[in-house]
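This briefing covers the nonpolar cores and the strand pairing of the structure shown below. Definitions are given where they are needed.

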Amino acid sequence: MTTTLYSLCQQIFPELTQVPYPAHAHDFHQFIHWVNTLHSNIQYVELKEYYDNDTDKCYQLQQAQVDIEQLNNRIEAEVEQLFTEYAESAPEQQNEIDFAEHIYAILFDNIYAVAEQHGLALLLISNENPYWMLVPDQTEQINHLIEAFNATFSDVELYHYV
């Protein structure tokens, strides 16, 4: 499945046909480096610095001429609203709030909405902190990519965000 994963990525990101496969094809970090060799195709999000979500580096958003500043402002406003609601909630409710889950939902819901407007699909890679990428919204190709990715890497999982 490893070569399948890399050839699928070359179909999705044609510029990768110019880039040799990494020496250790089953190494997740080498895969990320390979996919991002020429353009930022896979982005990383650090929960504690959710505002540094690499939307400004995302090649697909750039190609779609998305107003990335507006996207980030919308995300920031919704996260600020979350913190305001938290501060105003009762102490017993505060203990029940999972900030990571809410912040990721805000971030990825906004990216998903923009992606959908441009015929793109949002895929997430589960990890301690997630990675995300935008690909053409072609269900069959996405399903093949997910299957090949998950067969290649055992410590992370790729899934379609809907």
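A nonpolar core is a set of buried Ala, Val, Leu, Ile, Met, Phe, Trp, Tyr and Cys residues joined through side-chain atoms within 4.5 Å, where buried means under 20% relative accessible area (1.4 Å probe, protein chains only). This is a predicted model: local features need pLDDT of at least 70, side-chain atom pairs count only at pLDDT 80 or more, and totals for chains, interfaces and linings use all residues. Residues are numbered from 1 along each chain as its sequence is written, and side-chain values use heavy atoms, without hydrogens and water.

**Cores**
- The largest nonpolar core has 29 residues, of which Leu5, Phe31, Ile125, Leu145 and Phe149 touch the most other members.
- Two or more residues of this core come from each of α1 (2-12), α2 (28-35), β2, β3 and α7; helices (H or I, at least four residues) and strands (E, at least two) are DSSP runs numbered from the N terminus.
- Beyond four places in sequence, leucine 5 is in contact with Phe31, Leu145, Ala148, Phe149, Thr152 and Phe153 (contact: heavy atoms within 4.5 Å).
- Another core, of 23 residues, lies apart from the largest one and includes Cys58, Ile75, Phe108 and Ile111.

**Sheet**
- An open sheet is formed by four strands in the order β1-β3-β2-β4, with antiparallel pairing (strands pair if DSSP finds at least two bridges between them).
- Because β1 (42-44) and β4 (157-161) are at the edges with a single partner strand each, one side of each has no neighbour in the sheet.
- Five antiparallel bridges pair β2 (residues 120-126) with β4, and leucine 123 has histidine 160 in β4 as its bridge partner.

Technical notes
Buried means under 20% relative accessible area, exposed over 50%, partly exposed in between (1.4 Å probe, protein chains only).
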